[in-house]
Amino acid sequence: MNLVQKIIKAQLMDGERIPGREIGLAIDQALVHDATGQMALLQFEALGFPRVVTKRSLIYTDHNILQVGYENADDHAFLASGAKKFGLYYSRIGSGICHQVNLERFSVPGQTLLGADSHTTTGGAVGELAIGAGGLDVAVAMGGGPFYLPMPEVIKIDLTGKLNPCVRAKDVALEILRRLSVSGGRGRILEFAGDGLKNLMVTERSTIANMSIETGAITAVVPSDEMTENFLRREGREKDYQPLAADADAEYEAEITIDLSSLEPLAAAPHSPDNVHPVKELAGVKLDQVA
């Protein structure tokens, strides 16, 4: 079995693990933020759930933090009171971005995370099955219901070699986008493997996992290894570590090999994330804005 199949098997609540068939997954952790949490909490309450039953559910105030009127402040007061009433953790303004803080403080290899934020996929950097979804799906999951999705296909991204100076994890993500396009990952999960992983720290892996959603993929998963253990130890969370990897003879629907040492600095040009070019080809272009 590949790593995705192993996690799904352990978390399966409903359905059969047949590609394309609907399955229901048990959710260990959930997150919402101050652009999605208001509706999610209202739906949670409307469904009649008294308290969250996930191992951990969190609200992050990280999106609408500029107070130019009373609206955002009212939202934050509502979310804080909802967290207290329903048993969620509440992250105050200034504590950090949801998918980054969740990776550092709460991600657990092998667990499932459902977040009302598309870049929840960042959690895949430590071997967590982290999926972005709508607020209603998250509300149901916080109440103990399964998260339903078609049994995904799995694409293996085999990384070899080592990044050259001035080449970063962002360039790896852009190379994947260049190859798959913004729709090539649809209905699929990207699973990473290969000797090149030992040369990528969890912070680099998180950049790649974060951007997997730009291919249309459900999420991305990186094996939990020595790099993961080192990361969690530095965060004071050694107890959350467990090694996770695919079987040596695991099968995949498709495979892509990327030699990290062959990559050069890349950039996405307007008007799509997959319009990727080597930076040297863009030299001399008049720039009005860079993000």
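In β7, A130 is the bridge partner of L113.

Q: What kind of model is this, and how are residues numbered?

A: This is a predicted model: local features need pLDDT of at least 70, side-chain atom pairs count only at pLDDT 80 or more, and totals for chains, interfaces and linings use all residues. Residues are numbered from 1 along each chain as its sequence is written, and side-chain values use heavy atoms, with hydrogens and water left out.

Q: In which sense do β6 and strand β7 pair?

A: Strands (E, at least two residues) are DSSP runs, numbered from the N terminus, as are helices (H or I, at least four). Two strands pair if DSSP finds at least two bridges between them. Here β6 and β7 (residues 129-132) pair in the parallel sense over four bridges. Strand β3 (residues 29-33) and β6 also pair in the parallel sense, over three bridges.

Q: Which residues of strand β6 point one way, and which the other?

A: Buried means under 20% relative accessible area, exposed over 50%, partly exposed in between (1.4 Å probe, protein chains only). In β6 (residues 112-115), T112 and L114 point one way, L113 and G115 the other, and all are buried.

Q: What volume does the largest pocket have?

A: On a 1 Å grid over the protein atoms alone, a pocket is an open set of points where a 1.4 Å probe fits, with protein on both sides within 12 Å along at least five of seven lines; lining residues have an atom within 4 Å of a point. Grid points are joined across faces, edges and corners, and a volume is the space filled by probe spheres set on the points. The largest pocket has about 650 Å³. Of its 24 lining residues, A267, A268, A269, V290 and A291 are the closest to the centre.
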